[in-house]
Amino acid sequence: MRLGNVAMLAFGTIGMCSGLVAATQNAAPKEKVSFSRDVLPILSDKCFKCHGPDEGSRQAGLRLDTSQGAFGNRGGRFAVVPWQPQDSMMVKRIHSADDPMPPPDSGKKLTDAEKAILTRWIQEGATYGKLWSFEPIPASPKIPVVKSTWPHEDLDYFILARLKKAGLSPSPPAEKLRWLRRVSLDLTGLPPTEPEIASFQADPTKASYDKVVDRLLASPHFGERLAVDWLDAARYSDSYGYQSDLLMPSWPYRDWVVNSFNKNEPYSQFLTDQIAGDLEKNATTDTRLATEFNRLHRQSNEGGSIALEYKTEYAADRASTFGTAVLGLTVGCARCHDHKFDPITQKDFYQLFAYFNSIDEYGLLLSTEIVPTPSMLLPTPEQQQKLSELKAKNQTAKQALQSAIAGAGPRYLQWLAKKPEATIPDIKAQFSFDKFENDRFVSSLPGAPYGSKLDKVELVPGHSGSAVLFDGDNGIALRALGGRERWDPFTWSFWVEDPRPNAAPVILQHRTGGTDVGFCGFDLTLENGYLTARVMRAPPGNAITIHTKQPIPKDKWTQIAWSWDGSGQAAGLKIYLDGKLAATTVLNDKLWKKINAYGDLDASGGDWTFGRRFRDSGFKGGKLDDAVFAERALSDIEVAQLYDGKALSAPDADLHDYYASAIDPDVRSAAEAVRKAQHDLADAEEGVYEVMVMEESKNRVPAYLLSRGRYDAPRTPQTIVNRGTPESLPPLKAGGPNDRLALASWATRADNPLTARVAVNRLWQLVFGAGLVETSENFGSQGSPPSHPELLDYLSRKFIKSGWDVKKLVRSFVLSSTYRQSSTRTAKLNKVDPLNRLLGRGPSQRLSAEMVRDTVLAAADLINLKIGGPPVNPYQPAGLWTENNGMTQQFVQSKGDDLYRRSLYSTVKRTTPVPSMLLFDATSREACTIRRPITNTPLQALVLLNDVQFVEASRVLAQHLLEKKQTDKQSIRETFLRLAGRPPDAEETSLLLQALKEQRADFAKHPEDAKKLVSLGDSKPPALDPVELASMTIAVQTVLNSDSVIWKR
Amino acid sequence: MNDFNNEELERATLGLTRREFFGRAAQGFGAVALASLLPNMAWANGQEFKFDHAPKAKRIIYLFQAGGPAQQDLFDYKPMLNKLHGQSLPAEIRRGQRLTAMSANQGTIPLAGSPFKFSQHGESGAWFSEILPHLAEVSDELCFVKSMFTEAINHDPAITFFQTGSEQAGRPSFGSWVSYGLGSMNKDLPTFVVLASAGQGDQPLYARLWGSGFLDSRYQGVRFRAGKEPVLYLTNPDGVCQSGRRAMLDRLDDLNRHQFAKELDPEIESRIAQYEMAYRMQTSVPDVTDLSKEPDEVFELYGPDSRKPGTFAANCLLARHLAQKGVRFIQLYHQGWDHHGGLKAGITDQAKKTDQPSAALIKDLKRLGMLDDTLIVWGGEFGRTSYSQGPLEVNSFGRDHHPRCFTVFMAGGGVKPGITYGRTDDYGYNIADADGKILDPTKQDFTEGAVHVHDLQATLLWLMGIDHKKLSVPYQGRDFRLTDVHGHVVQALLR
C-alpha cells in the first residue's frame, strides 16, 4: 500500500478512492501506450524485483528493464516479441492460471488493466524508453491552447486543459481574505496582521494581489518559511543524534539557508554552495559555511565505536542525501546491491560516495566543545579584529625571538670567555625507575614530581638499573609536572625497548582526559617502530602531527627524545633518536583553540602517562627506563647530552645554540613572550564559534565498492572506485578536477533532467500541499508519475531559463488562478478527484507544526520576530532531555523574549524532539525528509488545549482584547481576524458569545480558578479582573482550536 | 460559458448532507469520523483488518532490558568458564571477530567465570542463576532462545536495530508496525504504549525507538510516565475544571460543525472526533494508570517496588492493566544492564529490580487467564563477552558488548512453554549446534539452532497473526518492512 493510500483509506467510506489512478495513469483508449508513463511503472512495481537491474536478485537470468534482456532468445522462447503478443512468454505467463507471473508468493498481482497495457504495449511494438524523469527536459515546452479567460499565469492553461479532459471545471475564486491568509502562511509561515487585512480589503484593484505577493516575497520571513522545508531535507539539527545526543554547532548554517532564500540566491548557486562552497573559485566564509550541509548527518560519541564504521556511515549519508534532496533519487537503495528498480548500480552509489569521503574527519566525536574536523571558526567582527591583532602579536613575538637568537652571538662569546660549566637548566624531573618507595617512583631532583604505578607494573633489569615493563594494560603516571597547554614548551627524554607489539600503542601521553571516541592533548605513539607525535585538539584536522621516517630498532634499548616549543607550528615539534634529530614527515600542521578541552586538569597540572591510555592500545611487552622531563624545548646538543652524558663537555662542542636556548636572558625572555602570545591567541580562539564544513583532504581518501554495504568489506585495489555520476544520466563534463564542484555543476547544468524538476516539484508542494509528482522524494520508477507531466517540464525549463529564480517561480504559483480558487469541496470533485490531484479546487491543508505555534504567538502579539541566532528552548514538559538519557545536556528553558521566537529557532534535539512539534508531524531530523505526513490525532488536541504556550498565548490575546474596552462582539471579531484571518460570521459570533457567557458563569463561581488560569506562563499576569480575563482566554482558546485556525483553506 | 462548478447543485447531490452529518454525529460518530483517530480506525471503514493467519497472541508485552544483560550470569550456564577463569580467550574461539574499541586494545582478554551459582528448575530443567529466584519459579512457562545474534556492537545502533529493524534512524518501530498492521482493540487508549523505568541512568533511550519513522505519527508509541501527568499535555491547565472544559469543547464542536457544513471536508469530522477522544483519554488514562485499587496480594506478588510509581515493578503491573484494557503493544524499557565493570554488584541489583516483577507478570496473567493470548518477551539488544573487560577482579570485573550470542526468553501467546532453543559453545562465545560445534549463522539464511534479530521479529509478528513479508510499506522507492529483506519464522518456538 502506498503512503498516500493510507490517508485515502482513512476516509474510505465516502468512496473517494476510485477514479484517480484511472484518471492520471492509464492511457486513453485510442492513445498509443507510452513506455515510460504506462508500462514502466507496472514492470517496475511487479517485475523488476526479480527481473530488474539488480543482478544479484535476478531470477532465471531474465531482465525486463532493457530491450536486450526482454527480446533475447531463451532456448527458442522469448519473453517479449515485438508486435507478437501471442508469441511472447510474458503475455502467456501473466495470463496463466497455473503458473502465473508474478508468482503468487511474491505478494504482487497484476490487475486486468495492467495485463491489457502490457499486451498492448507488445502489440504496438514493445518500444523501450527511459523513465520520464531521466528523459531530457524539453527545450521549449508548449503551453496548451485553451480558450478561456480564467488563466492568469501560464501554469493555469495546463491545469485547465487537464481539468477539461477529466470533465471538470475550476472552482470559483476564494474569498479575498481566504487567499490572503493562504498566501501569507505559504510565503512567510505567519498569518496576516490586522492592518494587512484592512489594507488588502480596502484595495479593490487587481494589482492588490500582486502588491501582497511582492510584500511577502520581500519579507525576511519568506526565507524562514522556505528554510523549514529545506532544513528537513538537509536533516538540520542542533544535536548529534547518537547516544548522548550532545548539542551540535549548526545554527549559522540554518541562518545561511534563511538568508540565501531571502537574497533569492539562484537555486543552482544555493546547491553549489552547499555541495562545494569550499571549492568554488571565490570561496568565502559564507560559501564554506554552506558546506555544513554535508556534515549535518548524525554523528556518534558512543564509547567502543569503531571510527571507520561511522566514517563510512557518514559518507553514505551524504551521498544518499545528495541523491534524495538534489536528484530525487533513492541512490541509498544501491548501497548494498544494484538498485532493484532504477538504473543505479552499486558502483554508481560508491562513485557518488567517493565525492564525499575525502575529508580530514575522525569519525567519532568527544564532546560538544571539540568540533569534529574539518571545521571553521566563525568570529564576530569584534572577535575577528581581536584575532587579527593577536596573530600579528604572535608574528611580532616570533620575529623578536628570531632576532634575539640572531643577536645572541656577542653575548655567547662573552659567556664562553668565562669558561662556564655547561649544564641543562629547566630540567624538572628525572626518574631512574630504580627506586620504588612508599608507592612512588622518586625523581632524583628536588621538588614535587613523582611517579605512580597504574595497575601491576613490573620492574625488570633495564638500560641502567631497573626498568618498567608494561603488559599492555598497565602504565605509570608521572605527576606534578606543571600545567601543559599547547603554549607550554617541554622536552621528554627516555629509553625504551620496543618488542613491536601489534596495533599502534601509546608510549607517552599527556593526560587531558578523553576516551576512545577522541583524545586530545599531547601524545606519542609507536607503530612498527615508527613514532608519531601529536599536539591535538580534534585530530586529524585540528592537530599538529609528525611521523618519523626511520624506525627504531626492535628489542634494543633506544633513547627517544620528544620536544615541543609551544609555537603552535609543526616546526616546533621534534623527535630525537639516540640523541640525534630524527627525520619526520609533517602530516598535519593546523592547530587552533586549546588542547586541554575535555575534562579538567587536576590541581597538579595533569599527569603524563607512559605505557597505556584509557581504552587505547598499550605498550605491551615494552620497557621504559631513565626518563627526564624539561620545561623547555632543549637544544640538539642538550638532547645529545641526555643520550651520551658528554656532548656538552666535548672539547669541540659548538655551544652557541645551547647558550641561546638555555642561558641567554634576551632569548629566554623573547621565548617567554612567544609563549604568552600563543596563550592569548588560544584563549581568544576558544570563545569563537566553530562549525563543521567540508574541506578536501590533502591526499585523496580512496573509496571502495563495499560488498553488501558493510564498512569492513574488503578494501582492495580491485574494489577501489573513482568518483563519477550515475551512468544512466548525462555524463560529467570532461576536464578540470573531478571533485564536488564538478558534481555540483553537473547537477545544476541545464541538461540535467532531474535537479530542476525535483526543485520545482518541491516548491509546488510547498505552495499547493502536494507535488505534481506526489512522491516528491522519489523520481524513480517506484515514485508516482506526475499528474501534469507537461506542466512540470514547462515550469522546470522556465525555472532554468530564469536563472533558477525561486521567488519568481513561487510568485507565479501564488498569483495563478489555480491557487486563487476556493478550496471548498463539491460532490463531483470529491467523487472524481478526492485528493485534488487535478487541482479543481484551491489547496487546503492543516498548518505545519511550526505554523500552528507561530500563528498563535503572532495572533497574540507575543511572537519575537528576531531573525537568526542560536537556538532557543521554548516551553516543554520538564525533564524530557535527561529522563532516559543521563549522558546528555540539561534542558534549560529560555527566558523572556526567547520563549516566543519562531518555531524554526527551537532547539532540534534529535533523540528528544520538542514533543508538541513532533505530535504535529515535524520530523526528528535524523534522516533527510522531503515530505511530512499530515495526521489528525487526539494528542494534537491535548497539545492545543493544555500546553502552556497555547494557554498563555490565548490569555495574552484576551488581555489585548480586554484592554481595548470593546464590546464582546468586537473582541470576538478581533479574535477571528487575528487567528483565522477573517471576521466571524453571525453563527460563529453567537457561538462565541454563548461560550463567553458560559465561561463567565463558571469562573464567577470559582474565581480562584480564574486566577490560576491567568497566571500560567512566564509573561506577567495583567491587572485585569481574573474572571473576565479567564473567560476571554477560554473563548480565544476555543477559536484557536477550531478548524478555521488550524487549517489553511 | 462559465468555467465554474455549480456549487449549489453539487452540494445537493453530495452524499453527506448537513442533516445526515448531524444525524450521524448524534449517534456518537460513525466510522468516518473515527477513521483517522487511531490506528484501528484506519482499517475500520467497514472492513476488519484481515490477519494473514489466525493470531496466537492478541497483544505483546515487551520487557526490553536495555544495555545488554550478561547471559553467562543469568541463564546461559557455562561451568567451563569457571574452570578456565583467568585464561585467555583462545583464538579458535574468538575466530578473528571484531571487538569494540573498549576492549579491542586490552593487553589480555581473560575468560571470566560467573560469580553466581546456577541450578536447574522445573520440569524443563532450565538453568537459572541464583540471582533470579522468582523467574526460576516460572521456569516451565518460559521459552528460552539461547542463540540470539545481531550484527551491531554498540548500543545505539543495536537497540535501534532491535526496535526498528534497522541500525539507521528513520524507520518505524516494532510497536508502530503492529499498530499500523493490526490497529487498536480499544476506543479510549492508544494502541501502542511505552513505559520506561524511572531514574535508571545508563545507556540512553531515544524517541526513535517508539517513533513511527515514515509511517505517520498516529502510529507512534505513546509514552506513559509516572507522576501527575501520565501522558504529556493530558491534564487541564490549572484553573480549568472538567465542567468548564466540557462547555468549551461543546462550543468548539459547534464551531467545527458549522465549518464542516460550509467546507464538507471529512477531515473536520475527524477533528471533532479527536477532541472527543482526547476528552475521553483525560479520564481513561488516569483510570488505567491508577494502581491504588489493586489488593495487597497483587503488590506482594510484584514485590515492594510495585508500590513506587515508575519502577520496573510498577510498570509491569501497569502493563497488565493496559493489557486488560485492550492496548495491543506494551513496550517496557528497563535500562542499567551495561556492565563494563562492577558486574557482580550491578547485575545483582538489576536482577533484584526485574526478577520478581517479570515473574509476577507471568503468574498474574496466568491467574487472569490472559497468558495464552499475551506474548511476553524479555531481553536486551545484545549479550556480553565471556571474557573480562578490564582486570579480572571479582568485584570490579565487567563484560564488554557481545553481539554473537545472547539469550532472550518469551512466555505465553503461542510460544512453546518450558523449552530452550539453541545453545552456545562451552565458552558461551559462539552459537553452537546440539553437539557443541560452532555455527556461523548469517541473517540471510536461516540456520537451525540460531535466531537472528530479524528471525525473532518475524516470529513475534507471526504470533500476532502477521506475515512479516506482507506487512510492508513503500517508501523512497522500495518496500520497507520490519525485517528488511530477511527474517524467518522460527517454527520450533511455536506451540
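1. Two strands pair when DSSP finds at least two bridges between them. Helices (H or I, at least four residues) and strands (E, at least two) are themselves DSSP runs, numbered from the N terminus. With that in hand, look at chain B: strand E2 (residues 118-121) and strand E3 (residues 126-129) run antiparallel to each other over four bridges. Facing B:Gln120 is B:Trp127 of E3(B). The two strands make a hairpin with four residues between them, and B:Gly122 in the turn has a positive phi of about 70°.

2. Some ground rules before going on. This is a predicted model, where local features need pLDDT of at least 70, side-chain atom pairs count only at pLDDT 80 or more, and totals for chains, interfaces and linings use all residues. Residues are numbered from 1 along each chain as its sequence is written, chains are lettered from A and ligands numbered from 1 in the order in which they are written, and side-chain values use heavy atoms, with hydrogens and water left out.

3. Now the A/B interface. Counting contact as heavy atoms within 4.5 Å, 123 residues of chain A and 103 residues of chain B take part. Together the chains bury about 9,600 Å², with 55% of it on carbon and sulfur atoms; buried area here is the accessible area (1.4 Å probe) that two parts lose on being put together, summed over both. On the chain A side, A:Asn884, A:Asn936 and A:Pro938 lose the most area to chain B, together 7% of what that side buries.

4. What about polar pairing across that interface? The rule finds 12 salt bridges between chain A and chain B, a salt bridge being a side-chain nitrogen of Lys or Arg within 4 Å of a carboxyl oxygen of Asp or Glu. A salt bridge also joins the side chains of A:Glu998 and B:Arg251, at 2.3 Å from N to O.

5. On to the packing. A nonpolar core is a set of buried Ala, Val, Leu, Ile, Met, Phe, Trp, Tyr and Cys residues joined through side-chain atoms within 4.5 Å. Buried means under 20% relative accessible area, exposed over 50%, and partly exposed in between (1.4 Å probe, protein chains only). The largest such core has 148 residues, and the members touching the most others are A:Trp121, A:Trp179, A:Trp230, A:Tyr253, A:Phe322, A:Trp764 and A:Leu795. Helix H24 (residues 755-768) of chain A supplies the largest share of this core, nine residues. Apart from it lies another core, of 128 residues, with A:Leu945, A:Ala953, B:Ala323 and B:Leu343 among them.

6. Leaving aside neighbours within four places in sequence, its contacts include A:Tyr253, A:Phe261, A:Phe293 and A:Arg762.

7. A:Ser300 sits in the loop between helix H15 (285-290) and helix H16 (307-327) of chain A. Is A:Ser300 buried or exposed? A:Ser300 counts as buried because its relative accessibility is 0%. A polar atom of its side chain lies 3.1 Å from the backbone nitrogen of A:Glu302. Beyond four places in sequence, A:Ser300 touches several residues, including A:Tyr242, A:Tyr310, A:Tyr314 and A:Gly363.

8. A:Lys130, in the loop between helix H7 (112-123) and helix H8 (154-165) of chain A, is partly exposed, with a relative accessible area of 41%. A:Lys130 and A:Phe35 are 95 residues apart in sequence but 8.0 Å apart in space, C-alpha to C-alpha. Not counting residues up to four places away, A:Lys130 touches A:Ser36, A:Leu40, A:Glu135 and A:Ser728.

9. Backbone items to check. A cis peptide bond joins A:Met101 and A:Pro102, with omega about -10°, and another joins A:Pro539 and A:Pro540, with omega about 0°. A:Ala480 is not a glycine, yet has a positive phi of about 60°; at 15% relative accessibility it counts as buried. A:Lys593 likewise has a positive phi of about 60° without being a glycine, and is buried at 4% relative accessibility.

Key. A polar contact is a pair of N or O atoms within 3.5 Å; within protein, one must be able to donate a hydrogen and the other to accept it, and residues adjacent in sequence count only if both atoms are side-chain atoms.
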